[in-house]
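Keep the structure in view while reading.

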Amino acid sequence: MAVRPIARMGAEVLKRRAEEVTEFTDPALPALISDMVETMVAAHGVGLAAPQIGVPKRIVMFFVPAGRNNGVDVPLTVMINPVITPLTPETNDDWEACLSVPGLTGKVPRYNSIRYSWQDIHGQRFERTAENFHARVVQHECDHLDGVLYPMRITDLTTLSFVDTLKAEAEAKGEELELDEEGEAAA
Ligand code: NI
């Protein structure tokens with residue numbers, strides 16, 4: 001088990017479609033998931049996808065702190081072969097950041113409400129619904145499995161910014177940074 005280097009925007013492994021996991025008895029699977037957890041925690045992320053540590057398989061993980069989800073904590077969830085179904089055509093724009101795009105943030109449209117399903121390490125399938133930040137994190141992570149990074153989803157590219165610059169400008173104006181609420185946690 002180890003903390004692995006995180007692939008950055010431009011890396012081939014982040015551009016391709018990751019492959020379904022079919023061998024749930026593969027002894028490399030629990031080891032890979034352990035490495036992903038360690039890497040995510042070390043990077044202070046709220047989510048991570050296997051391609052981000054160089055492994056083109058359809059595995060993601062995330063958690064949602066209660067403070068960012070109307071008081072409801074979503075514990076660490078490891079998802080193999082996840083599938084998302086939007087429950088509404090409506091989207092909302094909010095700040096996102098990504099461990100593969102360090103230092104930057106931008107406002108990204110995401111579906112307000114989704115249903116998602118996944119397999120656990122034994123191959124058993126589960127399903128949940130999600131809204132708001134919870135739904136946003138799941139959409140961000142699953143995009144990594146299809147070679148999509150959040151800047152590719154931004155409709156208003158004037159929002160794409162360095163976090164440090166936004167912070168310095170807000171501080172200079174004595175304003176509270178809207179970003180502090182939603183834009184700090186990278187995934
Ligand atoms: Ni990301």
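The model is a predicted one. Of the chain's 187 residues, 48% count as buried. Its charged side chains comprise 17 positive and 29 negative ones, and the centres of the two sets lie 6 Å apart.

The protein chain contains four helices and eight strands. Read from the N terminus, the order of these elements is α-β-β-β-β-β-β-β-α-β-α-α. The radius of gyration is 16 Å, close to the 16 Å that the globule rule gives for 187 residues, so the chain is as compact as a globular protein of that length. Along its principal axes, the C-alpha trace spans about 55 × 35 × 30 Å. Where contacts join residues at least 6 apart in sequence, 65% of them are between residues at least 24 apart.

Searching the whole structure for aromatic pairs gives three. In one of them, the ring centres of Tyr 116 and Trp 118 are 5.4 Å apart and the planes meet at 25°; because planes under 30 degrees apart count as stacked, this pair is stacked. Tyr 116 and Trp 118 are both buried. Trp 118 also pairs with Phe 126: here the centres are 5.8 Å apart and the planes are at 20°, so this pair too is stacked. The relative accessible area of Trp 118 is 6%, whereas Phe 126, at 32%, counts as partly exposed. Together with Phe 62, the residues Tyr 116, Trp 118 and Phe 126 are linked by ring pairs into a cluster.

Note on methods
Residues are numbered from 1 along each chain as its sequence is written. This is a predicted model: local features need pLDDT of at least 70, side-chain atom pairs count only at pLDDT 80 or more; totals for chains, interfaces and linings use all residues. Side-chain values use heavy atoms; hydrogens and water are left out. Helices (H or I, at least four residues) and strands (E, at least two) are DSSP runs, numbered from the N terminus. The radius of gyration is taken over C-alpha atoms; the globule rule is 2.2 Å times the number of residues to the power 0.38. Buried means under 20% relative accessible area, exposed over 50%, partly exposed in between (1.4 Å probe, protein chains only). Contact means heavy atoms within 4.5 Å. Lys and Arg count as positive and Asp and Glu as negative; His and the chain ends are not counted. The place of a charge is taken as NZ of Lys, CZ of Arg, CG of Asp or CD of Glu. Rings of Phe, Tyr and Trp (its six-membered ring) pair if their centres lie within 6.5 Å; planes under 30 degrees apart count as stacked, over 60 as edge-to-face and the rest as tilted.
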